[in-house]
Amino acid sequence: MNQGALPLFRLAGISVRIHYTWFLAFFLIAWSLGRGLFPVEYPGWSNTTYLIAGSVAALLVFGSVLVHEFAHSFMALARGLKVDNITLFVFGGAAALKSEPRRPSDEFLIAIVGPASSLLLAVVFLIASSLIPWELPARALVTQLALINAVLAIFNLLPGFPLDGGRVFRAIVWAITGSMRKGTTVATIVGQVFAFGLIALGIFLLFNGGFFSGIWLVFIGWFLNGAASANRRQVTLDETLRKIPASSLMRANPTVVIPDETIDRVVLTMLMGDGVRALPVAQDGQVVGIVTINNARGVPQAAWPVTTVRDVMTPSPLITVRPGEPILDVLQLFDEHAIHQVLVMEGGALRGVLSRSDITRFLELSRELGGKATPLKRERGSGEHDRTGG
Ligand SMILES: [Zn+2]
């Protein structure tokens, strides 16, 4: 859902966005309440009132979804995880964390506060409705909102991934077995069973007078099924990437240039260097920076012979990783700092260069081999703590 989302505002560093499918949901909710439910349950209002009440209710539904997603997000922040964005879309909302929770307790808390906040909203709307006189449209509105939030809480508590209940379920299996993958496998399979159940129910309704709700359920089921299987693939991939150390995919013993080297020579070295897009810069055995193909591109070609590496390089201190750093963490580092390569250093000594394209190439190859490829473990430097074993 990265494409087609409009940024709305930022709160606590989280960007809140609306996916274009949200407008479809807004219209459907406003229509079904303003033209369907309200005229039947509360006759006697003017047409404009129905229309406004439907639209306001739809806005409040999305406000409620936003509160639900912020509950997830704030809990994630409180547990030390970073939240990238909240996106509202046709089936509700999604809070995108920058990384998966690392402990089952984190997963449990982050998941449970969503439905808990919806339940709380339901209670608040229920209390509000008891305070508003029966004949006012506002009463109908808050009553409906109480109901919708209650349904939101209950639906999200279904124990199938990617619903919150599925995450809670995964956290429990994860805590018992000690394996996130086992938790994910169980929760996503249950999630897919629910998804197919919804699709079956939707098809049944479709042919038994409930055309719209039928189609709606089929779509939700189809979406949940897709999300469940995508997540299972992602977790399997994450687990693979957590076991592979940076040293396995890095280019070891890279060519090094000195700060006084000219750019034309550096470009030549890169072209000869098997698609290398960055070179470490060192002087007297000490790494002093890194020079990339983008640095060279920033200089007019005519000036290459008279421009030195020192003029354009990114100087130390650089972002570096240790040889044992899991590839999964390296990828996260790339995203966090918007970089494409990193030097692999150990005790001040340069061991290699690891670039995004090295990792991408490995992943492509691995996919072609059906996810079976694991790189050969290179020998490790002495004294290195093995962070990937077990
Ligand atoms: Zn949720």
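How many Å separate the centres of domain 1 and domain 2, taken over C-alpha atoms? The separation is 43 Å. The model is a predicted one. Its protein chain is split into domain 1, residues 5–243, and domain 2, residues 246–368.

Start where the two domains meet. Domain 1 brings seven residues to the contact, and domain 2 brings nine residues. Between them about 720 Å² of area is buried. Carbon and sulfur atoms give 64% of that area. On the domain 1 side, look for Arg102, Leu241 and Arg242. These three supply 61% of the area that domain 1 buries against domain 2, more than any other three residues.

Polar links also cross this interface. Three residue pairs are in polar contact between domain 1 and domain 2, both residues at pLDDT 80 or more. One salt bridge is found across the interface. Arginine 102 and aspartate 329 join their side chains in a salt bridge, with 3.1 Å from N to O.

Now turn to the nonpolar cores. In soluble globular proteins, nonpolar side chains tend to be buried together. Here the largest nonpolar core holds 18 residues. Ile327, Val330, Leu354 and Ile359 have the most contacts inside this core. Two or more residues each come from α8 (246–249), α12 (327–337), β10 (341–346) and α13 (356–368). The largest share, six residues, belongs to α12.

Isoleucine 327 is worth a stop. Beyond its neighbours within four places in sequence, isoleucine 327 touches Leu241, Ile244, Pro245, Ala246, Leu249, Leu354 and Ile359. A second, separate core has 17 residues, among them Ala76, Val83, Ile86 and Val90.

Note on methods:
Residues numbered from 1 in each chain as written. Predicted model: local features only at pLDDT ≥ 70, side-chain atom pairs only at ≥ 80, totals over all residues. Heavy atoms only, no water. Core = buried A, V, L, I, M, F, W, Y, C linked by side-chain atoms within 4.5 Å. Buried < 20%, exposed > 50% of the residue type's maximum accessible area, 1.4 Å probe, protein only. Helix = DSSP H or I, 4+ residues; strand = E, 2+ residues; numbered from the N terminus. Contact = heavy atoms within 4.5 Å. Domains from an automatic or database assignment. Buried area = accessible area lost by both parts, 1.4 Å probe. Salt bridge = Lys/Arg side-chain N within 4 Å of Asp/Glu carboxyl O. Polar contact = N/O pair within 3.5 Å; in protein donor to acceptor, adjacent residues only side chain to side chain.
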